Amino acid sequence: MKVHIMRNGESVVNSTEKDTSLTDKGILQSKNKIGHFDVVICSPLLKAKQTLENSGITYTMLIITSLCREVLTGSVIKENRNINDLLQTEELSLCESVLDVIDRIQDFKYELARLLNTYGKNTKILIISHIGFIHYLIN
């Protein structure tokens, strides 16, 4: 199995976990990506799906899974936010602990192993995800 990993193109708010669309630059970055893959595994976040949609990538099978979505850390919570405002939002429940992320990465690796067992060692896979997820996946 040959696995390729691609980060989403530049998005409107690249420095947060918000689900934003690609910038014009991100669309151009995506258009430069080409190739055929047996399986593409893509994050469900808009910027990842738009990266695939704007690319020249073709595939036999597409899997969209939250297992490879961005890592949701406390960075979405701004230090200057009023704690009462924060408690009235869902932001706290969206944060993942490091152990949560490691568990999700392990589940993702099990999915890759399942694909290998199902489709064989010559399977060409592309993962389209986000920098936080990719960091944990390769370390």
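**Salt bridges and their surroundings**

Modeller: The side chains of Arg104 and Glu96 come together in a salt bridge, with 3.0 Å from N to O. That distance, like every value that follows, is computed from a predicted model. In general, side chains of opposite charge can pair when their charged atoms come close. Both Arg104 and Glu96 are buried; for Glu96 the relative accessibility is 15%, and it counts as buried because this value is under the 20% limit.

A search of the whole structure finds 3 salt bridges. Another of them also involves Glu96, whose side chain meets that of Arg69 at 3.1 Å, again taken from N to O. This pair links distant parts of the chain, since Glu96 sits in the loop between helix 4 (91-94) and helix 5 (98-119), whereas Arg69 sits in the loop between strand 3 (56-64) and helix 3 (83-87), and the two residues are 27 residues apart.

Arg114 and Glu111 form a salt bridge as well, at 2.7 Å from N to O. Here both partners belong to helix 5, where they are 3 residues apart, about one turn of the helix. Arg114 has a relative accessibility of 40% and therefore counts as partly exposed, and Glu111, at 22%, is also classed as partly exposed. Through salt bridges that share partners, Arg69, Glu96 and Arg104 are joined into one network.

Ile134 lies in helix 6, and its relative accessibility of 11% is why it counts as buried.

Ile138 is found in helix 6 too, which covers residues 131-138, but with 57% relative accessibility Ile138 counts as exposed. Together with Met1, Val3, Ile5 and Leu116, Ile138 forms a nonpolar patch on the surface, and these residues have about 380 Å² of accessible area together.

Notes: Residues numbered from 1 in each chain as written. Predicted model: local features only at pLDDT ≥ 70, side-chain atom pairs only at ≥ 80, totals over all residues. Heavy atoms only, no water. Patch = residues over 30% accessible without salt bridge, like charges linked within 9 Å, V, L, I, M, F, W, Y side chains within 5 Å. Areas by Shrake-Rupley, 256 points an atom, 1.4 Å probe, with all protein chains shown as cover. Salt bridge = Lys/Arg side-chain N within 4 Å of Asp/Glu carboxyl O. Helix = DSSP H or I, 4+ residues; strand = E, 2+ residues; numbered from the N terminus. Buried < 20%, exposed > 50% of the residue type's maximum accessible area, 1.4 Å probe, protein only.
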